[in-house]
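Thank you all for coming; I would like to walk you through one structure this morning.

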Amino acid sequence: MEATACNRSKDSLPVFYLVGIPSLQEALFLPVFVVFLLFYLLILAGNTLILVAVVAEPSLHKPMYFFLINLSALDILLTTSTVPKILSLLLLRDHFLSFPACFLQMYLFHGFTCSEAFILVVMAYDRYVAICRPLHYPVLMTPQTNAALAASAWLTALLLPIPAVVQTSHMAFGSVAQIYHCFCDHLAVVQASCSDTTGQTFMGFCIAMVVSFLPLLLVLLSYARILASVLRISSQEGRSKAFSTCSSHLLVVGTYYSSIAIAYVSYRADLPLDFHIMGNVVFAILTPVLNPLIYTLRNKDVKAAITKMACPWDQGHSGNL
């Protein structure tokens, strides 16, 4: 990567130039744009469908689905913070971002990413209470408690990136700083600076470890207790029913941490720059694309609610027979 020259006037803010995927040939910009656009539309449609289904269907007014609509809202917000700019870059060759826009995008992307990790922890806790303490579930998981848990997850996650974003904004940049990425990821922006990047790289790594491994540890602890409780159920049918209530959440957790692993390996391994960028792009879109598919295909209640919305005449007709 070329060194950045800090020959900027102190009175002017830098402008950021998003390089995109360096080795992507211009002839492929349009096909890649179409792929990203289809993914984005799928994310918007799938997650909006879940939001509407849960809100409109009274039988889904339960804690598990309350947290699910938080997850769907996060998926929409997370992708909307990055994908439209990627689409603009591919279709219009719009590589530039202003200083405030770049740091706003950085904050939103990392804030929503952290929020998703904490919401997955809250969902794991909900499954733990439902399976391990079923008699106490209505008392422990009240609407007030659910709202407090969700609000805590959002607030904590949206506060965590602030120190890194603020300190990065005080680093020195050239008048036009080249960012070797498709959007303003923290590490990519730090590497575009002509200041010493050691402290910021270390801070970003520490925050990423806390946000990745602490939620994962809590999820694993919840499922260890769930597994121990399920194995004490005598009937095979009872075990299958208990596991089925967790299957969708487990798949989402697996998808989320698989995408983190891809992004981490692509940064740490000695791979070409394109792999680094694509690893982070996969992280940004993989979970939001798969979450609605997992919950509509694996969860009978959500599937039934969506079918009821899609075919209201059939429901009414069958009810009259």
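This is a predicted model: local features need pLDDT of at least 70, side-chain atom pairs count only at pLDDT 80 or more; totals for chains, interfaces and linings use all residues.

Let me start with a definition: an axis here is a line fitted to C-alpha atoms, for helices over the stretch in contact, and angles run from 0 to 180 degrees between N-to-C directions. Helices (H or I, at least four residues) and strands (E, at least two) are DSSP runs, and they are numbered from the N terminus. Residues are numbered from 1 along each chain as its sequence is written, and side-chain values use heavy atoms, with hydrogens and water left out.

Now to the first pair of helices. Two packed helices are described by the angle between their axes and the distance between the axes. Helix 11, which covers residues 273–298, and helix 12, covering residues 300–310, have axes that come within 5 Å and cross at roughly 90°. On the side of helix 11, the contact (heavy atoms within 4.5 Å) is made by Tyr295, Thr296, Leu297 and Arg298, and on the side of helix 12 by Lys300, Val302, Lys303 and Ile306. Sorted by class, this contact has 4 nonpolar, 1 polar and 3 charged residues; here Ala, Val, Leu, Ile, Met, Phe, Trp, Tyr, Cys and Pro count as nonpolar, Asp, Glu, Lys and Arg as charged, and the others, Gly among them, as polar. Leucine 293 also lies in helix 11, and at 34% relative accessibility this leucine counts as partly exposed, where buried means under 20% relative accessible area, exposed over 50%, and partly exposed in between, with a 1.4 Å probe and protein chains only.

Let me turn to the cysteines. A disulfide is a covalent bond between the sulfur atoms of two cysteines, and the rule used here asks for a pair of cysteine sulfur atoms within 2.5 Å. How many disulfides does this rule give? The count comes to 1 disulfide, formed by cysteine 102 and cysteine 184, whose sulfur atoms are 2.0 Å apart. Cysteine 102 lies in helix 4 (residues 99–132), whereas cysteine 184 is in the loop between strand 3 (176–179) and helix 8 (186–191), so the pair ties together parts that are 82 residues apart in sequence. The torsion about the S-S bond of this pair is about -115°, so the disulfide is left-handed. Is cysteine 102 buried or exposed? Cysteine 102 is buried, with a relative accessible area of 0%, and cysteine 184 is buried as well, also at 0%.

What about other cysteines? The sulfur of cysteine 182 is 11 Å from the closest cysteine sulfur, that of cysteine 184, which is too far for a bond, and cysteine 182 counts as buried at 4% relative accessibility. For cysteine 246, the closest cysteine sulfur belongs to cysteine 132 and is 8.7 Å away, again too far for a bond, and cysteine 246 is buried at 1% relative accessibility.

This brings me to the interior. A nonpolar core is a set of buried Ala, Val, Leu, Ile, Met, Phe, Trp, Tyr and Cys residues joined through side-chain atoms within 4.5 Å. The largest such core has 87 residues, and those with the most contacts inside it are Phe16, Leu90, Phe103, Ile179, Cys184 and Val189. Helix 4 supplies the largest share of this core, 18 residues. Leaving aside neighbours within four places in sequence, valine 189 is in contact with several residues, including Phe16, Cys102, Phe103 and Cys184.

Finally, consider tyrosine 223, which lies in helix 9 (residues 198–231) and counts as buried at 12% relative accessibility. Tyrosine 223 and tyrosine 125 are 98 residues apart along the chain, yet their C-alpha atoms are separated by 8.8 Å.
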